[in-house]
Amino acid sequence: MKFMLIMRTVDQVAVERMAEADFNEMIAAMGTYNESMINAGVLSDGAGLADPSEGAVVDFSGSEPTTTPGAYGNLRERINGPEDFPEDNEWIQKEQEWIEQGRLNNG
């Protein structure tokens, strides 16, 4: 079983900067980073996330961490899967090539 840790910011400035970011630049930055991790041998899997029912939310904002089983709201509103990215994007195509070459697992 695999897990993904997602840390959200509560910094409004960061939220505003993300809203202004160029989508293609974000995809290129993510692709470049993923490629460097593959080349370094530390990224081996690019599979999608598990079903939300298998997840949990851990909140560290209080004096003690609290855990809530299940997804935190609608996951599709927070994290989009690869099928939501344009297939003609060079980095989306590279990811598919990495999977086909066996350099990146996808499930």
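Mentor: Start with contacts, meaning heavy atoms within 4.5 Å. Of the contacts in the chain between residues at least 6 apart in sequence, 55% join residues at least 24 apart. This is a predicted model, where local features need pLDDT of at least 70, side-chain atom pairs count only at pLDDT 80 or more, and totals for chains, interfaces and linings use all residues. Residues are numbered from 1 along each chain as its sequence is written, and side-chain values use heavy atoms, with hydrogens and water left out.

Trainee: Which elements does the chain have, and in what order?

Mentor: The order is α-α-β-β-α-α from the N terminus. That gives 4 helices and 2 strands. Both are DSSP runs: H or I over at least four residues for helices, E over at least two for strands.

Trainee: Why is asparagine 89 called buried?

Mentor: Its relative accessibility is 10%. Buried means under 20% relative accessible area, exposed over 50%, partly exposed in between, with a 1.4 Å probe and protein chains only. Asparagine 89 therefore counts as buried. In the chain, buried residues make up 14% of the 107 residues.

Trainee: Where does asparagine 89 lie, and what is it in contact with beyond its neighbours within four places in sequence?

Mentor: Asparagine 89 sits in the loop between α3 (75–78) and α4 (90–100). Leaving those neighbours aside, it is in contact with Asn24 and Ile27. A polar atom of the asparagine 89 side chain also lies 2.8 Å from the backbone nitrogen of tryptophan 91.

Trainee: What makes the pair of tryptophan 91 and tryptophan 98 tilted?

Mentor: A search of the whole structure finds 1 aromatic pair. The ring centres of tryptophan 91 and tryptophan 98 are 6.5 Å apart, with planes at 55°. Rings of Phe, Tyr and Trp (its six-membered ring) pair if their centres lie within 6.5 Å; planes under 30 degrees apart are stacked, over 60 edge-to-face, the rest tilted. So this pair is tilted.

Trainee: Are these tryptophans buried or exposed?

Mentor: Tryptophan 91 has 12% relative accessibility, so it counts as buried. Tryptophan 98 has a relative accessible area of 4%, so it is buried.

Trainee: Why does methionine 26 count as partly exposed?

Mentor: Methionine 26, in helix α2 (residues 23–40), has 31% relative accessibility, so it counts as partly exposed.

Technical notes: A polar contact is a pair of N or O atoms within 3.5 Å; within protein, one must be able to donate a hydrogen and the other to accept it, and residues adjacent in sequence count only if both atoms are side-chain atoms.
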